[in-house]
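Reader: I like to see labels set against their cut-offs. Could you take me through this model that way?

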Amino acid sequence: MKFISVIVPVYNLEQYIVDTIQSVLAQTYQHFELILIDDGSTDRTAEICEQFQEPKLKLILQENNGANAARNAGLRVAQGDYIAFLDGDDLWLPEKLEKHIQHLEQSPEVGISYSQSAFIDEAGEPMGLYQMPKLTDITIRDVLCRNPISNGSCAVLRKEVFESIKFQDDLYGTQQYFYWDERLQGSQDLDCWFRIALQTEWKMEGIPKILTLYRVNSAGLSAKLLKKQESWEQVIEKTREYAPDEVAQWENPARAYHLRYLARRAVTLRDGITALKLAWTAIATHPQMVLEEPKRTGVTLAAATVLSVLPKPIYQQLEDLGMKLAGRFQKLQVFPYKI
């Protein structure tokens, strides 16, 4: 049986970490190790993790250096043939690991297997909305423009994939291997997927099943949107150094789609003015997106416009109705697990 290393970076997640750990321990596929890396939490997160009397669980304590430093620390000690990442406030459904192992064993050319995801709120309740990324025939354009992997809790990778992109650095005074680039100020997950897509022959492919529960955390969404764009630009500049032709071809569409994503996040934060500015900037950057994805682009622009002019209580009613309709439409496309 293939052995899996499940790596969970945690920082001040005392209200969520028990449910996250239990969702891993409840997997139907049990041949795994669970590596928790506490990234300098100041609450009871580490204490709670230590209370689990579970031989599969390993707890690593480190100073606060960020989630990607925690992921690197986990990878350096991982013993698995496969690597799975789970954010400390997200959850897996019981068949998560089993389905990905089946997928990877049946598809030797696939290096990254990912899934569809369902959104849950801060209380863990289903929101009736889903992430349904493109699952097959993933191209360089898909990776640069749309990030089909969607979130950091839905991918399972072969260990060889990370071995093919690792690099040495002396970031902390001594030479050691890195997999996620800790020198970047953000968007390290995109940088990792970009390097895999552009520097290796491994394919990315998804499973048409809801296997990950992705928590919409208002605290996490409150980060400044401009910083997110700055970090994305930093990743593009890095990518340009080793893949100039691909960046030259797809830079504007990729930037436009990222700006549209930020516009949607601004809508979530109820910042209509910023959302409207980002939406129009996205369209101006790559006008073809209106034809390429008219529905998503139009809905984003409409939501930003309505939010910027209507009183928030009225907008909230319209948004609730829109989410219900969107959820019903998505249910026609996927068969979600009962959650």
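Author: By the pairing rule used here, the count comes to eight aromatic pairs. The rule takes rings of Phe, Tyr and Trp (its six-membered ring) and pairs them if their centres lie within 6.5 Å; planes under 30 degrees apart are stacked, over 60 edge-to-face and the rest tilted. One of them is Tyr172 with Phe178, at 6.4 Å centre to centre and 25° between the planes. This is a predicted model, where local features need pLDDT of at least 70 and side-chain atom pairs count only at pLDDT 80 or more, while totals for chains, interfaces and linings use all residues. Residues are numbered from 1 along each chain as its sequence is written, and side-chain values use heavy atoms, with hydrogens and water left out.

Reader: Why is the pair of Tyr172 and Phe178 called stacked?

Author: The angle between their planes is 25°, and stacked asks for under 30 degrees.

Reader: Why is Asn68 called buried?

Author: Because its relative accessibility is 9%. Asn68 sits in helix H3 (residues 67-77), where eight of the 11 residues are buried. Among them are Arg71, Asn72 and Leu75.

Reader: What makes the meeting of the Asn68 and Gln188 side chains a polar contact?

Author: The distance is 3.0 Å, and a polar contact is a pair of N or O atoms within 3.5 Å; within protein, one must be able to donate a hydrogen and the other to accept it, and residues adjacent in sequence count only if both atoms are side-chain atoms. Leaving out residues up to four places away in sequence, Asn68 also touches Trp180 and Glu182, where contact means heavy atoms within 4.5 Å.

Reader: What makes you say that a charge sits over the ring of Phe32?

Author: The charged end of Lys56 is 4.8 Å from the ring centre. The rule wants NZ of Lys or CZ of Arg within 6 Å of the centre and within 35 degrees of the ring normal. Arg146 likewise lies over the face of Tyr257, at 5.4 Å from the ring centre.

Reader: How do you know that strands S4 and S8 pair?

Author: Pairing takes at least two DSSP bridges between two strands, and S4 (residues 82-85) and S8 have three, in the antiparallel sense. Tyr82 has Arg158 as its bridge partner in S8. Strand S6 (residues 110-120) also pairs with S8 in the antiparallel sense over three bridges, with Tyr114 standing opposite Ala155.

Technical notes: Helix = DSSP H or I, 4+ residues; strand = E, 2+ residues; numbered from the N terminus. Buried < 20%, exposed > 50% of the residue type's maximum accessible area, 1.4 Å probe, protein only.
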